[in-house]
Amino acid sequence: MQLESMYQEIILDHYRHPHHKGLREPFATQVHHVNPTCGDEVTMRVALAGDVISDISYESQGCSISQASASVMADLLIGKSVADAREVQETFLQLMQAKLDGPEFAEEHEEVLEDAVAFAGVAKYPGRVKCALLSWMAWKDATAQALADTDSVEFEGKGVKA
Amino acid sequence: MGIDPQFLDTEKIRKDFPILHRTVHGDKPLVYLDNAATSQSPQQVIDTIVEYYSLHNANVHRGIHVLAEEATALYEGARDKVAEFINAGAREEVVFTKNSSEALNLVANVLGWAEQPYGIRPGDEIVISEMEHHSNIVPWQLTAERIGARLRWFGITDEGRLDLSNLDELINERTRVVSLVHVSNILGTVNPVETIVKRAHEVGALVVLDASQSAPHLPLDVQALGADFVAFTGHKMLGPTGVGVLWGRRDLLEELPPFLGGGEMIQTVTMEKSTYAGLPHKYEAGTPPIAEVIALGTAVDYLTAIGMDKVAAHEHAMTEYALKRLQEVEGLRIIGPATNEARGAAISFTLGDIHPHDVGQVLDEHGIAVRVGHHCARPVCVRFGIPATTRASFYLYSTPAEVDALIGGLDQVKRFFGV
């Protein structure tokens with residue numbers, strides 16, 4: 001059945017037992033992103049040690065895809081340098097834009113994507129791409145803010161800009 | 001509400017709707033349960049659009065050639081049909097807009113610009129409710145901000161009804177306008193319009209009714225309802241998108257300032273100043289959606305031929321059956337009235353902890369189209385402490401078998417997410 005290609009076991013697993021969930025200190029920045037069409041929301045904090053991501057903590061509510069994506073992302077990015085993490089994020093974004101070529105793209109970029117290859121099937125469902133990207137965009141936003149001038153004004157995320 | 005449930009001959013009706021015979025995701029028959037979002041159109045409405053562009057297309061009101069006269073006759077003929085459909089006192093009270101949202105924005109804006117006695121002034125109060133669609137919230141927020149008026153609202157009871165416990169305090173001498181939804185698109189609640197109108201008129205406030213979910217589904221008589229403005233939209237009542245209706249009491253519309261300015265709505269234009277057309281054209285600036293208006297007329301014909309009382313009776317029967325079957329599903333919670341009194345055919349629910357997005361996805365895989373999310377009524381979701389709902393909504397072509405399919409689908413949802 002088609003659905004199984006989107007709802008891989010890994011995704012359902014992360015949905016039921018999300019990793020790194022909860023808001024923790026210390027943190028450099030906090031952002032709040034929403035997906036206004038469906039009610040998915042995430043509050044995310046990013047902590048940096050030099051240029052390494054030391055922690056990603058979050059509170060969120062939403063569908064299985066959005067929740068699992070946050071969990072897999074945190075697994076993948078914590079401990080990476082910002083530069084490496086951005087590469088993973090870019091690749092994931094491209095995966096989400098791959099539409100029917102999702103599975104092929106995922107296979108080609110397995111090394112970078114690791115567990116995130118499980119989301120390959122989501123690309124076929126344009127309505128759900130935003131769900132998968134919500135936390136990644138929140139992370140991108142939070143990290144950009146953390147690396148900007150220390151007196152940059154805190155603002156509310158305006159949703160997914162995929 | 002006193003409606004006797006009675007199913008229509010849906011087999012016959014469905015023959016008129018080509019889209020209902022589609023299959024989706026390969027070979028699954030479409031089970032369309034998203035009528036609160038938009039309705040499907042019968043072939044007759046589709047044919048009207050094609051025929052208009054094939055044979056009668058010309059701009060209206062301005063030409064003297066035969067095509068222009070045909071187009072104008074068809075367009076104004078549609079206005080007559082709509083006026084009769086809602087029992088308007090005069091055809092001049094029917095204004096065509098783009099949709100309900102525009103109709104509501106029209107009223108919210110002109111009341112902000114009007115002189116006394118109708119204009120909203122700083123310190124005045126505007127009353128809406130917590131169960132409104134965003135299109136009946138945001139325009140009033142904008143007006144209140146711009147004028148310096150105060151926006152207030154009715155709360156919702158746990159059963160999904162309007163909380164009338166503070167009616168006399170909420171609607172008071174400072175209230176200039178009360179704008180309320182007739183039938184809620186998310187809860188299905190039918191609101192007690194008479195009660196609200198009575199109180200509002202006691203204190204000299206105008207009443208605006210959002211009839212987007214009522215005009216398509218039950219007999220609407222604007223004179224009997226007693227509201228001062230009524231807004232509804234074509235695409236929810238078998239018509240095309242791009243056309244809506246604002247009905248307004250003639251004496252009000254005559255006094256109030258124009259909304260959009262431009263061609264058609266003027267009498268004379270000089271560089272210094274212009275004078276405006278009479279009703280209804282004062283409120284129809286520019287070239288209207290001609291084909292869509294005429295097609296709305298066809299939709300009205302279709303509904304009238306069946307009879308709105310019979311449409312209401314069919315939906316009442318559908319809702320009764322749906323409520324019964326949904327309440328048998330373990331873990332399912334209905335958001336809104338759980339009984340069939342004063343209740344329309346949109347049913348929102350949650351299913352355990354499964355997010356509506358995921359519910360909708362699995363249902364879609366089985367060919368079942370429902371809507372998931374806020375339904376442009378986020379305050380309702382906040383009120384009931386939920387992120388979103390899944391909503392199934394019926395219309396005159398919906399069948400009990402489709403309800404059975406929905407229930408079967410929900411079973412699949414629970415299995416898929418291991419509940």
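The following exercises, each with a worked solution, concern a predicted model.

**Exercise 1.** Determine how helix α4 of chain B and helix α5 of chain B are oriented to each other, and which residues make the contact between them.

*Solution.* Begin by locating the two helices in chain B, where α4 covers residues 100–113 and α5 covers residues 138–147. Next, take the angle at which they pack, which is about 15 degrees, with the axes 9 Å apart. Angles under 35 degrees count as roughly parallel, and α4(B) and α5(B) are therefore roughly parallel to each other. The crossing of these two helices is right-handed. On the α4(B) side, the contact is made by B:Leu104, B:Asn105, B:Ala108, B:Asn109, B:Leu111 and B:Gly112, while α5(B) contributes B:Pro139, B:Trp140, B:Leu142, B:Thr143, B:Arg146 and B:Ile147. Sorted by class, the residues of this contact comprise seven nonpolar, four polar and one charged.

**Exercise 2.** Describe how strands β5 and β6 of chain B pair, and follow the chain from β5(B) to β6(B).

*Solution.* First find β5 at residues 125–129 and β6 at residues 150–154 of chain B, which pair in the parallel sense over five bridges. As an example of a bridge, B:Val127 has B:Arg152 in β6(B) as its partner.

Conventions. Residues are numbered from 1 along each chain as its sequence is written. Chains are lettered from A and ligands numbered from 1 in the order in which they are written. This is a predicted model: local features need pLDDT of at least 70, side-chain atom pairs count only at pLDDT 80 or more; totals for chains, interfaces and linings use all residues. Axes are lines fitted to C-alpha atoms, for helices over the stretch in contact, and angles run from 0 to 180 degrees between N-to-C directions. Helices (H or I, at least four residues) and strands (E, at least two) are DSSP runs, numbered from the N terminus. Angles under 35 degrees count as roughly parallel, over 145 as roughly antiparallel, 65 to 115 as roughly perpendicular and the rest as oblique. A crossing is left-handed if the near helix is turned anticlockwise from the far one by less than a right angle, and right-handed if clockwise. Two residues are in contact if their C-beta atoms, placed from the backbone, lie within 7 Å. Ala, Val, Leu, Ile, Met, Phe, Trp, Tyr, Cys and Pro count as nonpolar, Asp, Glu, Lys and Arg as charged, and the others, Gly among them, as polar. Two strands pair if DSSP finds at least two bridges between them. A crossover is right-handed if, with the strands pointing away from the viewer, the path from the first strand over the helix to the second runs clockwise.
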